[in-house]
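Q: I would like to learn how to read a fold from its coordinates. Could you take me through one, feature by feature?

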Amino acid sequence: GTLSKRRKSLRMVKILIAGPKQGGKTSIANFLAESQSNQIGDSSAPYEPTAGCRILEFDAFNGTSVELWDVSGDQQYESCWPAIRQGIDKRGSPDSETPVDGVILVYNPEFPTHDTEVGLWYDAFVKNCNLPDSKCLVFTHRGDPKGGFRSRPPPKLEGCVVHNTTFTSTLEIREHFDNFIQSAVGGGGMRRK
């Protein structure tokens, strides 16, 4: 079908977006997948949790095909994590159709437990899967753009690239994601203007 032709003709990257519930993962994932969008969710909209995992497919700025796996922040789905992580340790193996090329961790430092919880997500999807910190992008994503903006990441995330964002950080999130994809692909490509 069309998808199999697309996978063969373009470089496909598999990116997981994970972190504690109510961190803003789905809003960011929807924004990234909808290239015409100039808005990241709605901070006043009611919270709708993701069940298990959902996969968004789209083309990035440089023609790279992206599978963005939006992982539920609810730990009741932890039994699904091995299937989601499949391929991380098989990089380069002919049996691995779509290995994970990177992980985006999203958490809201306005929630007191998120600083600790994001460390658990880091362990589950980065450390325990032997991904280098360079393959982990972190968004400390606040709902209130007027609140104290800067956040110090937990010590586990010190080796990762961390960016402070809000629902109004559209250009910054797009630029950081584009750079992350370019790094995941191994360089090359053109920057989005």
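Q: How many strands form the open sheet, and in which order?
A: Start with pairing: two strands pair if DSSP finds at least two bridges between them. Helices (H or I, at least four residues) and strands (E, at least two) are themselves DSSP runs, numbered from the N terminus. In this predicted model, 6 strands form an open sheet in the order E2-E3-E1-E4-E5-E6, with mixed pairing. Its edge strands are E2 (53-59) and E6 (161-166), each of which pairs on one side only. Neighbouring strands of the sheet are turned by 25° against each other on average, direction ignored; axes here are lines fitted to C-alpha atoms, for helices over the stretch in contact, and angles run from 0 to 180 degrees between N-to-C directions.

Q: What should I know about the numbering and the confidence limits?
A: Residues are numbered from 1 along each chain as its sequence is written. Because the model is predicted, local features need pLDDT of at least 70 and side-chain atom pairs count only at pLDDT 80 or more, while totals for chains, interfaces and linings use all residues; side-chain values use heavy atoms, with hydrogens and water left out.

Q: Which strands does E1 pair with, and in which sense?
A: Follow the bridges on either side of the strand. E1 (residues 12-18) pairs with E3 (residues 65-71) in the parallel sense over 6 bridges, and Lys14 has Glu67 as its bridge partner in E3. E1 also pairs with E4 (residues 100-107) in the parallel sense, over 5 bridges; there, Ile15 stands opposite Gly102.

Q: Are the faces of E1 covered or open?
A: For this we need burial: buried means under 20% relative accessible area, exposed over 50%, and partly exposed in between (1.4 Å probe, protein chains only). In E1, 7 of its 7 residues are buried. Met12, Lys14, Leu16 and Ala18 on one side and Val13, Ile15 and Ile17 on the other are all buried, so both faces are covered.

Q: What joins E5 to E6?
A: Here we look at bridges again. E5 (residues 136-142) and E6 run parallel, joined by 6 bridges, and Val138 has Val162 as its bridge partner in E6. Thr140 is also in E5 and is buried, with a relative accessible area of 1%. Its C-alpha atom lies 8.2 Å from that of Thr166, 26 residues apart along the chain.

Q: Where is Pro99 found, and how far is it from Ile15?
A: Sequence separation and spatial distance can be read side by side. Pro99 is in the loop between helix H3 (81-85) and E4. Pro99 and Ile15 are 84 residues apart in sequence and 9.1 Å apart in space, C-alpha to C-alpha. Pro99 counts as buried because its relative accessibility is 16%.

Q: Which strands do the helices H2 and H4 lie across?
A: Contact means heavy atoms within 4.5 Å. H2 lies across E1, E2, E3, E4 and E5, running at about 25° to E2. H4 lies across E1, E3, E4 and E5, running at about 170° to E4.

Q: Which residues of H2 are buried, and why are they said to be on the same side?
A: The test is an arc, taken from the directions from the helix axis to the C-beta atoms. In H2 (residues 25-33), Lys25, Ile28, Ala29, Phe31 and Leu32 are buried. They cover an arc of only 165° around the axis, so they lie on the same side of H2.

Q: Why is the pair of Trp121 and Phe125 stacked?
A: Rings of Phe, Tyr and Trp (its six-membered ring) pair if their centres lie within 6.5 Å; planes under 30 degrees apart count as stacked, over 60 as edge-to-face and the rest as tilted. By this rule there are 4 aromatic pairs. The rings of Trp121 and Phe125 have centres 5.8 Å apart and planes at 10°, so this pair is stacked. Trp121 and Phe125 both lie in H4 (residues 114-127), 4 residues apart, about one turn of the helix. Trp121 is buried at 0% relative accessibility, and Phe125 is buried with a relative accessible area of 0%. Ring pairs link Trp81, Trp121 and Phe125 into a cluster.

Q: Which charged residues sit over a ring?
A: A charge sits over a ring if NZ of Lys or CZ of Arg is within 6 Å of the ring centre and within 35 degrees of the ring normal. Arg85 lies over the face of Phe125, 5.8 Å from the ring centre. The charged end of Arg174 sits over the ring of Phe31, 4.4 Å from its centre.
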